[in-house]
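Reader: I've got a model open and I'd like to learn how to read it feature by feature. Can you walk me through it?

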Amino acid sequence: MTPGRPGRDGGGTPAAGAPLAFLPTPCHPAPRLGAALGLADLWVKRDDQTGLALGGNKARKLVRLVADASAAGADTLVTGGGPQSNHARTTAAAAVRFGMRCELALAADPGTEPVGNLLLDHLLGAVVHPLGPLDYDGLEAAIVSLGERVRAEGRRAYVIPVGGASPVGVGAYVDAARELVGQLGGAPDWVVCADGSGGTHAGLLAGLAGTPTRVLGVDVGTRNDLDRAVARLASATGDGTPRSDPAPGDAVLVDHDHYGAGYGAPTPESAEAIILAARTEGLVLDPVYTAKALAALRTWVGDGRIEPGARVVFWHTGGAPALFAPRYRDELMARAYASRSL
Ligand SMILES: Cc1ncc(COP(=O)(O)O)c(C=O)c1O
């Protein structure tokens with residue numbers, strides 16, 4: 001098989017085979033989940049359906065990142081994340097599609113059980129470097145030094161930061177915001193998404209700038225500088241048009257109250273959110289990102305910060321493979337039995 005190359009338009013379409021991301025993703029009403037939350041007009045944007053080795057928000061970013069890597073003559077994609085990183089898994093899949101090698105710096109112990117995303121990293125042929133526990137900055141530094149090592153070995157590395165949160169990657173969510181407005185026939189009142197690196201939130205904010213839409217990012221406990229990072233990335237990807245009169249949606253709005261004990265830590269509210277989405281809409285959330293985002297949405301509607309009649313879009317960013325990590329599986333099974341109906 002001849003490996004595909006990114007399309008000349010930068011659209012990331014291999015010369016042969018499927019596009020890297022299946023776009024546009026569906027956007028549909030979720031009336032049963034809406035009723036359970038107290039919302040009359042709830043929609044779900046299905047970026048869990050982007051394709052690319054079980055999909056997720058990183059596929060959109062990778063369309064642009066791989067085109068950039070290819071234009072730079074790279075033969076190896078270098079990135080990293082936690083042991084259940086969706087970004088690492090989808091980058092490994094993108095590398096396969098474009099005939100590149102993938103090296104991953106993971107904040108995981110060498111003995112971490114290869115389940116969920118970590119299993120997929122191996123199946124997809126990535127070279128996995130388990131580096132033990134690292135914080136966000138430590139992980140960014142480890143990715144950069146892995147890139148240097150790959151270059152010292154004579155290969156042409158393209159280094160992608162945690163979450164694909166470079167201006168190139170984030171630009172994909174400027175387009176995604178416009179895709180959404182086209183699907184709805186206008187800007188919604190609210191968009192709610194999970195914040196890891198902040199890149200998705202930043203792109204949506206830039207794409208919706210000048211509209212009344214308020215974008216609520218839900219901190220999942222990754223980086224201490226999240227609010228500043230969202231603002232910085234949003235201005236790096238915006239169209240640069242000066243606005244003397246900012247719209248209500250232009251402010252960076254982050255919920256910091258739902259990540260529990262830290263990144264990836266299960267919380268009772270996120271477990272309930274998983275069960276609620278599953279039992280109202282047959283919608284599968286993930287325990288690290290989207291469950292916390294839905295738990296936050298529930299709180300914001302419950303205390304009136306989001307009005308019951310508002311048009312709200314819950315942005316499903318994917319991540320379901322992590323459900324199968326034992327850390328979540330056992331807790332979720334216990335709750336699934338305990339709450340036969342919610
Ligand atoms: C499933 C899922 N949702 C949301 C996010 C957060 O996206 P971002 O890093 O762009 O903030 C990630 C990032 O890793 C993710 O994997």
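Reader: Let's begin with the four-strand sheet: in what order do the strands come?

Author: As a general idea, strands of a sheet pair through backbone hydrogen bonds, either parallel or antiparallel. Here the open sheet runs β5-β4-β3-β6, with parallel pairing. Two strands count as paired if DSSP finds at least two bridges between them, and the element names are DSSP runs numbered from the N terminus (helices are H or I with at least four residues, strands are E with at least two). Keep in mind that this is a predicted model, where local features need pLDDT of at least 70, side-chain atom pairs count only at pLDDT 80 or more, and totals for chains, interfaces and linings use all residues. Residues are numbered from 1 along each chain as its sequence is written.

Reader: Which strands stand at the edges?

Author: β5 (127-130) and β6 (157-159) do; each has a single partner strand, so one side of each is left without a neighbour in the sheet. Direction ignored, neighbouring strands here are turned by 20° against each other on average. For angles, axes are lines fitted to C-alpha atoms (for helices, over the stretch in contact), and values run from 0 to 180 degrees between N-to-C directions.

Reader: How many bridges hold β3 and β4 together?

Author: Six bridges, in the parallel sense, between β3 (residues 76-81) and β4 (residues 101-106). Then look for α3, lying across β3 and β4 and running at about 170° to β3. Contact between residues, by the way, is a C-beta criterion: the atoms, placed from the backbone, lie within 7 Å.

Reader: Now helices. How do α6 and α8 pack?

Author: Two packed helices are described by the angle between their axes and the distance between the axes. For α6 (residues 167-184) and α8 (residues 226-237), the angle is about 80° and the axes are 9 Å apart. The pair is therefore roughly perpendicular, a label for 65 to 115 degrees (under 35 is roughly parallel, over 145 roughly antiparallel, the rest oblique). On the α6 side the contact uses Pro167, Val170, Gly171 and Val174, and on the α8 side Leu233, Ala236 and Thr237. By class, that gives five nonpolar, two polar and no charged residues. The classes are: Ala, Val, Leu, Ile, Met, Phe, Trp, Tyr, Cys and Pro nonpolar; Asp, Glu, Lys and Arg charged; the others, Gly among them, polar.

Reader: What about the backbone: which peptide bond is cis?

Author: Most residues other than glycine have a negative phi, and most peptide bonds are trans. In this chain a cis bond joins Leu23 and Pro24, with omega about -5°; Pro24 sits in the segment before β1 (27-29). Also check Leu52, whose phi is positive, near 65°, in the loop between β2 (41-46) and α2 (58-71).

Reader: Last one: why does the ligand lie between the domains?

Author: Domain 1 (27-56 + 165-333) and domain 2 (58-164) both give residues to the shell around the ligand, so it lies between them. The bounds come from an automatic or database domain assignment. Of the 20 residues around the ligand, Asn86, Gly163, Gly196, Thr317 and Gly319 come nearest, where being near means a C-beta atom, placed from the backbone, within 6 Å. α7 provides the largest share of the shell, three residues, and by class the shell has three nonpolar, 15 polar and two charged residues.

Technical notes. Contact = placed C-beta atoms within 7 Å.
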